[in-house]
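I wanted the overall build of the chain first, then one residue in detail.

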Amino acid sequence: MAVRNGDISQDRRVRVQGEPVDSYPQFAPEVERGAVRRITVVGEEILGRRCQEVTEFGTPELSQLIDDMFATNQVADGAGLAANQIDVDLQLFVWDIVDDWGVRHVGHIANPVLDEIEADDRVLVEEKEGCLSVPGPYRMVPRLDRAVVRGYDKDGNPLVIEGRGYFARCLQHETDHLHGHLYLDRLSKRERKSALREMEESKEKMFARRAATAKKLGK
């Protein structure tokens, strides 16, 4: 998911895997360890189908994949990134995002499942949304203003992450990816065509910007 800015909050502590910490570096430690991978683009087959569940936890390969996803997300100036966005067929996504209240959230989750929100608690908010696999355009997309996602961390420990506002949007956006859906699928045919035209006009500039950032970070 593409990034946007948050607002100011009284409690600015960073939440790592949903838990507040008193200090945290500018770049997640995973970014330093990870390698940048190519981001898939709308139209590639892996983005259009449901990903396979993660079945092997606690492995060096899974840890390296998460590191690479963080590094790739950082270089692309993203808020979140799903595994199929780097051509890996696994139900896994990462996030590094500042919410509407100025709180930074950092983490990863495997095999995520969104809770069903009760009808009386469902509030739809329509805001602009972008995607690293649709480089350039943003479009208005309705999403629930609260999301609870359940899954596992890289070691197989159960994990529950709750988000509101922009962070909730991110959790829904990334879970959609793992089911083979892009935000474009939530648009009218007319809006989708418009977004794809805009992407064609802007994608080379976006790719160049990512390459420049990667070089700056020594990636």
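For counting, I took helices (H or I, at least four residues) and strands (E, at least two) as DSSP runs, numbered from the N terminus. The model is a predicted one.

Entry 1, the fold. I counted four helices and nine strands in the protein chain. I then read the order along the sequence: β-β-α-α-β-β-β-β-β-β-β-α-α. The radius of gyration came out at 16 Å, close to the 17 Å of the globule rule for 219 residues, so the protein chain is as compact as a globular protein of that length. I boxed the C-alpha atoms along the principal axes and got roughly 50 × 45 × 35 Å.

I looked at contacts between residues at least 6 apart in sequence, and 71% of them join residues at least 24 apart. Of the 219 residues, 48% count as buried. The protein chain exposes about 11200 Å², and carbon and sulfur atoms supply 48% of that area.

Is R143 buried or exposed? I found a relative accessible area of 2%, under the 20% cut-off, so R143 is buried. R143 is found in strand β7, which covers residues 134-144. I checked for a side-chain partner: a polar contact of 2.8 Å joins R143 and E129. Leaving out residues up to four places away in sequence, I listed what R143 touches: V123, L124, V125, E129, R169, Q172, H173, D176, Y183 and R186.

Key:
Residues are numbered from 1 along each chain as its sequence is written. This is a predicted model: local features need pLDDT of at least 70, side-chain atom pairs count only at pLDDT 80 or more; totals for chains, interfaces and linings use all residues. Side-chain values use heavy atoms; hydrogens and water are left out. Buried means under 20% relative accessible area, exposed over 50%, partly exposed in between (1.4 Å probe, protein chains only). A polar contact is a pair of N or O atoms within 3.5 Å; within protein, one must be able to donate a hydrogen and the other to accept it, and residues adjacent in sequence count only if both atoms are side-chain atoms. Contact means heavy atoms within 4.5 Å. The radius of gyration is taken over C-alpha atoms; the globule rule is 2.2 Å times the number of residues to the power 0.38. Accessible areas come from the Shrake-Rupley method with a 1.4 Å probe; for residues, only the protein chains shown count as cover.
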